[in-house]
Amino acid sequence: MTYKVKVENVSKVYDLNRKRKDRLLSLLSFGLYSKERPYYALRNISFEVEEGDSVGIVGLNGSGKTTLSDLLGEVTQPTTGNITIRGKSSLIAINAGLNQELTGEENIRMKCLMYGMSEAEIDEKFDQIVEFSELEEFIDQPIKTYSSGMKSRLGFAISAHSDPDVLIVDEALSVGDDTFASKSGEMIKEFQAKGKTIFFVSHSAKQVGKMCNKAIWLHYGEMVKFGACVPVANEYARFVDKYVAMTKMEQMNYKKEMLQKQKDRSKDYTIEKEKPNVLNVVTGLGLTGAFIVAMLFQLNVI
Ligand SMILES: Nc1ncnc2c1ncn2[C@@H]1O[C@H](COP(=O)(O)OP(=O)(O)OP(=O)(O)O)[C@@H](O)[C@H]1O
């Protein structure tokens, strides 16, 4: 069977060096001064899933589940490797693609346009989306006033009505109330019946076992297992049982050791820098000059 989603040697590297001073110096020296601290949030992930697959993504906190779902939802790009999605993907997560300053209605219109829907299609679906989200009274309020459950309902309602080929559900169901969770569960079953491809991010092996036919287990940025759901979910559940049986101190030491290993593995990565060309150098010199003049001006020297 042909794949619906293909992930090939994908890594996502973050630069942990967040100090403003160092980033500014790196910019002004056009990359010659550099203090990057690369960190693999995901490393060398490869798998393929087919149309109709429901894939659970499990793992402890910080294992890379959200990073992978953002990549699958095309919210971020891989640092290296390729992701091919045959069709339209839609990520359901609290805040995913929502603008806090806009109202519920404006967010619906903006996100639907981003999904490629026409104005006429949006007008046709608008009432259904509002009704599904149960936000009728609040739809004219900016969503920064919404609770996380309300945002999650809005995000779910928009994504589910945009008819995606690949749906990624990142813990969105865990913040809603029971009624909404069961309504969303029904909607997901309809998607499954239509043969859509779905990814579920979850801490819970049990939940994944109930809803999925395949599973991915991520552990500190690496893919430990990928395959048929039940064996992967069972193995993850056995690991979680062992983990929760540890004392708090043992858990802390384990986390520390694993994080250190993850950081050590990141040392061999060098953030690719563009070789300085004439344009770069001229721009860099111009920026540096403008910066010095601005500083001198600020200090009343000129
Ligand atoms: N923008 C960022 N900059 C730097 N590091 C990041 C960024 N986003 C995520 N990380 C790091 O990448 C790793 C994976 O994070 P991610 O949120 O994907 O894990 P997760 O499995 O979804 O965790 P949780 O279950 O707690 O939501 C973590 O160590 C996190 O600190």
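Q: How many residues does the protein have, and what percentage of them count as buried?

A: A residue is called buried if 20 or more other C-beta atoms lie within 10 Å of its own, exposed if 12 or fewer do, and partly exposed in between, with C-beta atoms placed from the backbone. Here, 32% of the 302 residues count as buried. Please keep in mind that this is a predicted model, in which local features need pLDDT of at least 70, side-chain atom pairs count only at pLDDT 80 or more, and totals for chains, interfaces and linings use all residues. Residue numbers start from 1 along each chain as its sequence is written.

Q: How many helices and strands are there?

A: Helices (H or I, at least four residues) and strands (E, at least two) are DSSP runs, numbered from the N terminus. By that rule the protein has 11 helices and 9 strands.

Q: In what order do the strands of the open sheet lie?

A: Strands of a sheet pair through backbone hydrogen bonds, either parallel or antiparallel. Two strands are taken as paired if DSSP finds at least two bridges between them. In this model, 6 strands make an open sheet in the order 5-6-7-3-8-9, and the pairing is mixed. Strand 5 (89–92) and strand 9 (222–228) are at the edges with a single partner strand each, so one side of each has no neighbour in the sheet. From one strand to the next, the twist averages 15°. For angles, axes are lines fitted to C-alpha atoms, for helices over the stretch in contact, and the values run from 0 to 180 degrees between N-to-C directions.

Q: Which strands pair with strand 3, and do they run parallel or antiparallel to it?

A: Strand 3 (residues 54–58) runs parallel to strand 7 (residues 197–202), and 5 bridges join the two. Valine 55 faces phenylalanine 199 of strand 7. Strand 3 also runs parallel to strand 8, through 4 bridges, and there isoleucine 57 stands opposite isoleucine 216.

Q: Where does the antiparallel pairing of strand 8 come in?

A: Strand 8 pairs with strand 9 in the antiparallel sense, over 6 bridges, and alanine 215 stands opposite glycine 227 in strand 9. These two strands form a hairpin with 2 residues between them. Tyrosine 220 is in the loop between them, and its phi is near 45°, a positive value in a residue other than glycine. Tyrosine 220 counts as buried because it has 22 C-beta neighbours inside 10 Å. As for strand 8 itself, 5 of its 6 residues are buried, so it is largely enclosed by the rest of the structure.

Q: Which other residue has a positive phi although it is not a glycine?

A: Asparagine 44 does, with phi of about 50°. It lies in strand 2 (residues 38–50), and it is partly exposed, with 14 other C-beta atoms within 10 Å. Isoleucine 45 is also found in strand 2, but isoleucine 45 is buried, with 24 other C-beta atoms within 10 Å.

Q: What is isoleucine 45 in contact with?

A: Two residues are in contact if their C-beta atoms, placed from the backbone, lie within 7 Å. Leaving aside neighbours within four places in sequence, isoleucine 45 is in contact with Val7, Val10, Leu68 and Met223. For the whole protein, among contacts between residues at least 6 apart in sequence, 73% join residues at least 24 apart.

Q: Which residues have the most contacts inside the largest nonpolar core?

A: A nonpolar core is a set of buried Ala, Val, Leu, Ile, Met, Phe, Trp, Tyr and Cys residues joined through C-beta atoms within 7 Å. The largest one has 55 residues, and Ile57, Phe199, Phe200, Val208 and Ala215 have the most contacts inside it. Helix 5 (residues 148–161) gives the most to this core, with 6 residues. Beyond four places in sequence, phenylalanine 200 touches residues including Ser54, Ile57, Val169 and Val208.

Q: Which residues are around the ligand?

A: A residue is near a molecule if its C-beta atom, placed from the backbone, lies within 6 Å of it. Around the ligand are Tyr14, Ala41, Gly59, Asn61, Gly62, Ser63, Gly64, Lys65, Thr66 and Thr67. Helix 2 (residues 65–72) supplies the largest share of this shell, 3 residues.
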